[in-house]
Amino acid sequence: MNTSSPLVSVLITAYNRQDYIGAAIESVLASTYTHFELIIVDDRSSDHTFAIAKEYEQKDNRVSVYQNPKNLGDYSNRNQAASYAKGEYVKYLDSDDMLQPWGLQVMVYCMEQFP
């Protein structure tokens, strides 16, 4: 694996989650583990979800935001998000959920200790 690639790809798929997406993104960015990329794939939301996510992309170079050309639905959108991942490990986070600050660190530790 390329050493400049992130070890963890955190994937958020979203559809009409403008009320929650900011908190989900901020919870990932507050992680004590920092060797990650955050990939957000909007599934053609009709609200401001995509615009909110794009604001975070402008502020942090670990964030990449994509929007599907058409609505794919939940599982196809998850597959789409995975196609962008560069990390060795993948962590899905729902767009209306939050990650504990130590969450990624514990997950990486466990995977490295007990592959």
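Is asparagine 79 buried or exposed? Asparagine 79 is exposed, at a relative accessible area of 56%, where exposed denotes over 50%, buried under 20% and partly exposed the range in between (1.4 Å probe, protein chains only).

The views below show a predicted model, in which local features need pLDDT of at least 70 and side-chain atom pairs count only at pLDDT 80 or more, while totals for chains, interfaces and linings use all residues. Residues are numbered from 1 along each chain as its sequence is written, and side-chain values use heavy atoms, with hydrogens and water left out.

View A. Helix H3 spans residues 74-84, and its buried residues are Asn77, Arg78 and Ala81. Because these residues fall within an arc of 105 degrees when seen down the axis of H3, they line one face of the helix; the arc is taken over the directions from the helix axis to the C-beta atoms. Tyr75, Asn79 and Ser83 are exposed on the other side of H3. Helices (H or I, at least four residues) and strands (E, at least two) are DSSP runs, numbered from the N terminus. Strand E1 (8-14), strand E2 (36-42) and strand E4 (89-92) pack against the buried residues of H3.

**View B. Alanine 81 and its surroundings.** Alanine 81 lies in helix H3 and counts as buried, with 0% relative accessibility. Leaving aside neighbours within four places in sequence, alanine 81 is in contact (heavy atoms within 4.5 Å) with Leu11, Thr13, Ile39 and Val41. From C-alpha to C-alpha, alanine 81 and lysine 91 are 11 Å apart in space and 10 residues apart in sequence.

**View C. Asparagine 79 relative to alanine 14.** Asparagine 79 also belongs to helix H3. Asparagine 79 and alanine 14 are separated by 65 residues in sequence and by 13 Å in space, C-alpha to C-alpha.

**View D. The crossing of helices H1 and H2.** The axes of helix H1 (residues 21-29) and helix H2 (residues 49-59), lines fitted to C-alpha atoms over the stretch in contact, come within 9 Å and cross at roughly 25 degrees, on a scale from 0 to 180 degrees between N-to-C directions. H1 is therefore roughly parallel to H2, a term for angles under 35 degrees. On the H1 side, the contact is made by Ile21, Gly22, Ile25, Glu26 and Leu29, and on the H2 side by Thr49, Ile52, Ala53 and Tyr56.

**View E. The buried residues of H1.** Ile21, Gly22, Ala24, Ile25, Ser27 and Val28 are the buried residues of H1. Their cover includes E1, E2 and H2.

Definitions and conventions: Angles under 35 degrees count as roughly parallel, over 145 as roughly antiparallel, 65 to 115 as roughly perpendicular and the rest as oblique.
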